[in-house]
Amino acid sequence: MGARRIEGGIARPAPVSIDVDGQSIQAFPGESVATALWAAGIRALRTSPVSASARGIFCAMGVCQECVADIDGRTTPTCLEPVREGMRISLRWNRP
Amino acid sequence: MSACDVIVLGAGPAGASAAIEASKAGLNVVLLDAGAAAGGQVYRAPPGSFRVTDAEAMGPDFAIGDGLRQELAASPAKCFFGRSVWHIAPGFVVRAVFEGNTEVYEAPTLIVAMGTHERVIPMPGWTLPGVMGLAAATILLKSQRILPGENTVVAGTGPLLAAVAASILKGGGKVAALVELSTRMDWVKALPSLISRPDLLKRGFGWLGELRAAGVPIYRGHALTAITGDAEVTGVEIAPVDAQWRPLAGQRRTIAADSVTIGHGLVPSTEVTRLMGAKHEYRHEQGGWVALRNEDFETTIPNIFVAGDGAGIAGAAAAALRGRITGLAVARRAGRKIDASRETTLRAQLGKAERFGHAISDLMQARPGLIETMTPETIVCRCEEVTRADLDSAIRDGARDVNQMKAWTRCGMGPCQGRMCGEAAASLLAAVQGGDRSKVGQLTARPPLRPIPYEAIVGQFDYADMELPEPQPG
Amino acid sequence: MFDTAIIGGGIMGCASALELAEAGMSVALLERRFLASSASGVNAGTLSLTDVRAALVPYALRSVELWRTLSERLGFDIHYREIGSITVAFNDREAEVLRERIAAKAALGIAVDIINAKRAREIEPALCEDVKLAAYCAEGGYANSAATGRAYRLGLIRAGVTLHEQAEVTRIERNGDGFVVSTANGVSLNARRIVLAGGSWLGGLGKMLGIDFPVHWRVSQVSVTERMKPSVSHVVSHAYGLLTLKQSDNGTILIGGGWQGKGDPERGPAEVLPQNLIGNLRLALQTIPALQGTRIVRTWLGLQAHTPDAMPLVGPIPGVENAFILGGVRTGYTCGPYVGKLFADILLGKEPELPLFHAPFNPSRFTAPSGNERLALTA
Ligand SMILES: Cc1cc2nc3c(=O)[nH]c(=O)nc-3n(C[C@H](O)[C@H](O)[C@H](O)COP(=O)(O)OP(=O)(O)OC[C@H]3O[C@@H](n4cnc5c(N)ncnc54)[C@H](O)[C@@H]3O)c2cc1C
Ligand SMILES: Cc1cc2nc3c(=O)[nH]c(=O)nc-3n(C[C@H](O)[C@H](O)[C@H](O)COP(=O)(O)OP(=O)(O)OC[C@H]3O[C@@H](n4cnc5c(N)ncnc54)[C@H](O)[C@@H]3O)c2cc1C
Ligand code: FES
């Protein structure tokens with residue numbers, strides 16, 4: 001199940017869709033890609049290099065690099081990258 | 001290349017305040033930050049595309065942060081966001097990545113205000129998706145406006161625990177338990193220093209009241225000894241600890257949860273001052289290694305200043321004050337006229353704020369027994385998957401220093417460059433050297449400060465136009 | 001009283017200490033920081049035969065044989081991988097230099113072939129299409145230099161070497177025919193013979209004996225990418241020696257080539273020069289297009305000793321009986337195990353397999369001839 005967005009205090013812009021390994025996901029422009037994935041129930045982002053275990057958001061500030069994914073062809077920490085309409089995200093890029 | 005009088009690195013309360021003061025005093029200031037707006041960790045703004053409809057619901061920090069952002073926007077400082085700084089050369093030449101390209105900024109004076117990152121001493125299961133730092137949870141809650149999970153265990157040390165737990169409740173989530181290492185007695189002992197900020201104390205009590213009202217179980221003097229689950233978090237195991245925070249044998253209790261947020265204090269981010277070769281000293285109560293500095297916050301490298309939590313953990317109020325003082329000092333030294341009485345007042349306020357900040361920071365610092373939550377199989381280095389057993393084996397083979405440990409085991413060689421595992425590895429090394437953290441050294445800082453795209457370094461080029469140096473001797 | 005005190009725990013000091021101790025000598029090794037904490041622990045780990053200077057080829061050839069079993073001998077995996085090397089040229093001028101250099105090396109006994117671009121790309125498909133000419137050698141490869149200190153530490157202790165780490169030698173005095181060696185942390189020991197193996201710090205060590213060795217230093221930069229899918233399967237280098245690149249088993253690609261940063265023996269390696277980082281990475285990307293899209297995780301640097309003729313400084317120290325110097329070997333990581341062995345053989349009174357104290361390496365080429373004992377006699 002996806003994590004819940006908090007409704008109070010702010011109004012989000014109209015949602016857009018982003019592509020995650022061929023699956024279309026609703027997300028709000030400006031929120032981080034990590035947040036959008038989290039809300040869609042995708043917690044496992046990177047696969048660790050040795051044991052191939054799943055990793056997710058850990059620091060949310062661009063330090064730990066656990067949330068990296070392939071965004072439009074580049075390895076990018078998803079926690080720092082704002083959602084833009086039509087983004088293509090791959091989480092399979094580093095799966096063994 | 002863009003040239004100016006001062007470059008400020010980091011737009012948290014410290015960097016933003018420094019930029020405001022120095023620019024208002026007439027200096028040409030450039031402020032760089034990786035984030036999308038000023039505010040730093042504590043005042044992190046919601047995405048610019050979100051409209052704040054109810055400032056009160058956003059909490060008191062939002063208002064302070066917004067005030068700071070407005071003051072900065074009204075100041076002559078030139079702010080560049082989305083810039084991840086990756087190298088600094090003497091002189092000072094700053095390189096930052098922006099949208100995949102490197103930009104170069106140059107100034108004779110540098111103010112470093114890059115804040116902190118969080119310390120987490122590992123335990124089994126901490127690599128599962130759904131486990132995150134307290135700092136991460138704060139960012140999700142305050143800025144991204146999303147819950148860290150449906151039913152969250154909040155664990156570790158310091159005031160962020162109650163703050164995060166209260167925000168989860170306020171956001172409509174459930175807190176499975178609050179598990180704190182400190183005891184009530186630890187807090188009572190810190191009280192004399194905390195009294196200096198009755199407003200913040202009151203806020204803290206407010207959070208605790210909300211937790212009690214919601215019936216959140218609170219375990220004091222307890223550590224998380226394991227996080228359970230195969231692919232996802234299903235719960236945690238906790239145990240009471242001794243005075244050194246060593247988990248007591250035998251007494252385990254389990255709590256069901258789908259997410260965990262955990263932190264063991266903040267560590268000053270000193271990568272720039274290390275990179276530049278400034279001298280540092282180990283200050284336990286300030287979070288670890290801090291750059292040596294004089295009363296103007298100038299380091300041992302002339303014209304490099306440090307401000308904020310990066311100069312030693314002392315909290316948001318102290319960070320802002322340090323920033324203002326540094327900004328004024330830099331202007332004064334550049335021959336600009338500044339209001340000397342204002343500087344005196346700010347310094348007096350800083351004394352008070354630091355007393356409070358250091359007391360809180362001291363309370364948060366991990367104690368030596370906590371390393372026992374790392375079982376032999378526990379992954380310590382998340383990037384390279386180095387376990388405690390690997391580190392213990394290196395120690396048996398003679399490793400004594402953090403850089404040596406890194407070379408021998410790859411602990412800290414991955415993309416996070418030791419920011420996640422460095423504290424745990426250093427604590428293990430210190431444990432065999434009389435607990436003396438200063439003996440085990442600091443990781444060497446090198447560029448790029450964060451992993452950066454290859455093309456951002458090389459840019460566009462044509463091999464035919466490249467002038468290769470002379471061949472090496474054959 | 002030790003038979004030999006070796007000052008400096010880089011690969012030169014470690015390799016010779018191991019040989020001497022295994023042959024039964026009592027050996028003390030004194031190291032300022034930790035074993036292999038300088039050049040020998042931060043170098044790019046290239047052990048390819050095509051990338052050493054011609055004068056060193058015979059030593060490198062035999063050293064590679066030692067590298068093959070070094071991990072086993074020391075009791076810790078230094079990750080030696082015999083993957084061979086490909087050296088490339090992109091234009092006529094580079095091709096000419098390549099031809100000339102490879103011919104010289106082949107004459108010295110390396111099995112290396114000049115190959116055309118098509119063949120080069122068959123052997124190493126990661127190479128770019130612009131390759132004009134290449135050289136291929138199946139022998140040699142790379143090792144993980146970061147593991148050097150750990151491996152030698154285990155091996156040296158097992159061989160019975162007395163180790164002093166975090167022990168910077170600050171004074172060397174005469175004691176009869178031998179020496180008293182003292183360190184900043186209070187160690188003081190007696191030895192019949194001393195060996196200066198202090199890498200870039202050899203100048204300072206020489207001064208302790210009253211001798212001015214013209215030892216300077218170079219500060220080379222190395223960069224590493226994040227882990228990538230397996231894409232490069234050889235050591236790849238450039239005709240000019242300005243690139244060495246290899247992908248280790250863990251997927252990271254290490255990029256070196258002797259591009260210079262800043263530093264000195266006092267500060268250590270201090271400053272990465274961005275323009276040289278850019279140059280090095282451009283040459284790497286030109287050679288291996290698959291680097292496109294990866295990220296650079298770290299660039300570091302290390303000091304290595306440099307002599308005016310870029311040749312080793314190995315042999316008895318003129319005028320100081322029983323004192324030796326051992327350093328200044330370019331691609332000293334490759335050559336270290338064998339040079340250490342030859343050096344030990346000479347000290348043990350054995351006939352060395354190859355000359356080591358001969359004129360091109362001998363320190364007397366830089367010191368004015370003098371019959372006098374240079375180190376003042378104490379008591
Ligand atoms: C999540 C969190 C919550 C906190 N909450 C509180 C609180 O409620 N009360 C309190 O008193 N203290 C709190 N603290 C402590 C807090 O760190 C400080 O009090 C305050 O944020 C410090 O301000 P600063 O300006 O020193 O650093 P920060 O606010 O951390 O600002 C540093 C800035 O530097 C930027 N930066 C870092 N590296 C780079 C780089 N390479 N390139 C470009 N920019 C870079 C960052 O993006 C950031 O904006 C919290 C800390 C964290 C981590
Ligand atoms: C960045 C870099 C990349 C390189 N890449 C390669 C490569 O790919 N392949 C290759 O074959 N070669 C390479 N080299 C060269 C190779 O690393 C060196 O030639 C070799 O390691 C030199 O070994 P050494 O023992 O002479 O010196 P060092 O490794 O420098 O050892 C000297 C030791 O002496 C110690 N010392 C100094 N003064 C004192 C004192 N007063 N008391 C006690 N101890 C002291 C120092 O601390 C040091 O540990 C590279 C070098 C560098 C710097
Ligand atoms: S969660 Fe740590 S870098 Fe994104």
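Here are legends for a set of close-up views of a predicted model.

**View 1. Chain A meets chain B.**
This is the A–B contact, with 43 residues coming from chain A and 50 residues from chain B. Putting the two together buries about 3900 Å², and carbon and sulfur atoms give 58% of that. On the chain A side, look for R4(A), R43(A) and F58(A): they lose the most area to chain B, together 21% of what that side buries. If you'd rather think in polar terms, there are 24 residue pairs in polar contact between chain A and chain B, with both residues at pLDDT 80 or more. In chain A, β1 (10-11), α1 (33-39) and β5 (54-55) each supply at least two residues of the side that touches chain B. The largest share from an element is that of α1(A), at three residues. Sorted by class, the chain A side comes out as 23 nonpolar, eleven polar and nine charged residues.

**View 2. A salt bridge and a strand pairing between A and B.**
Zooming in on the A–B interface, the rule finds five salt bridges across it. One of them joins E385(B) to R55(A), whose closest N and O atoms are 3.2 Å apart. Which residue does A11(A) stand opposite in β4(B)? That would be R51(B).

**View 3. A salt bridge inside chain A.**
The model holds 60 salt bridges over all chains, and this view picks out the one between the side chains of R5(A) and E31(A), at 2.8 Å from N to O. The two partners sit in distant parts of the chain, 26 residues apart. R5(A) belongs to the segment before β1 of chain A, while E31(A) lies in the loop between β3 (23-27) and α1 of chain A. As a general point, side chains of opposite charge can pair when their charged atoms come close.

**View 4. The five-stranded sheet of chain B.**
Reading across this open sheet of chain B, the strand order is β11-β18-β12-β13-β14, with parallel pairing. At the edges stand β11 (131-133) and β14 (218-220) of chain B; each has a single partner strand, so one side of each is left without a neighbour in the sheet. On average, neighbouring strands here are turned by 20 degrees against each other, direction ignored. The pairing of β11(B) with strand β18 (residues 259-263) of chain B is parallel and runs over three bridges; within it, M132(B) has T261(B) as its bridge partner. Helix α4 (residues 160-170) of chain B packs on the sheet, touching β12 (151-156), β13 (174-180) and β18 of chain B. The direction of α4(B) makes about 175 degrees with that of β13(B).

**View 5. Chain C meets chain B.**
Here chain C brings 52 residues to the contact and chain B brings 45 residues. The buried area between chain C and chain B is about 4300 Å², 57% of it from carbon and sulfur atoms. The polar contacts between chain C and chain B come to 24 residue pairs, both residues at pLDDT 80 or more. Several elements of chain C each supply at least two residues to the side that touches chain B, among them α4 (92-107) and α6 (148-159). Which element gives the most to this side of chain C? α8(C) does, with ten residues. The chain C side divides into 26 nonpolar, 13 polar and 13 charged residues.

**View 6. Two kinds of link between C and B.**
Two salt bridges are found across the C–B interface, including the one where the side chains of R150(C) and D397(B) meet at 2.9 Å, N to O. Strand β25 (residues 452-453) of chain B also pairs with β18(C), antiparallel and over two bridges. In that pairing, I452(B) stands opposite I296(C).

**View 7. Strand β11 of chain C and its partners.**
Strand β1 (residues 2-7) of chain C pairs with strand β11 (residues 188-196) of chain C in the parallel sense over five bridges, with T4(C) opposite R193(C). Strand β10 (residues 178-183) of chain C runs antiparallel to β11(C), joined by four bridges; V180(C) has N190(C) as its bridge partner. The β10(C)–β11(C) hairpin has four residues between the strands, and G186(C) takes a positive phi near 90 degrees in it. Strand β20 (residues 323-327) of chain C pairs with β11(C) in the parallel sense over three bridges, and there L196(C) is partnered by I325(C).

Key: Residues numbered from 1 in each chain as written. Chains lettered and ligands numbered in written order. Predicted model: local features only at pLDDT ≥ 70, side-chain atom pairs only at ≥ 80, totals over all residues. Heavy atoms only, no water. Contact = heavy atoms within 4.5 Å. Buried area = accessible area lost by both parts, 1.4 Å probe. Salt bridge = Lys/Arg side-chain N within 4 Å of Asp/Glu carboxyl O. Polar contact = N/O pair within 3.5 Å; in protein donor to acceptor, adjacent residues only side chain to side chain. Nonpolar A, V, L, I, M, F, W, Y, C, P; charged D, E, K, R; others polar. Pairing = 2+ DSSP bridges. Axes fitted to C-alpha atoms, helices over the stretch in contact; angles between N-to-C directions.
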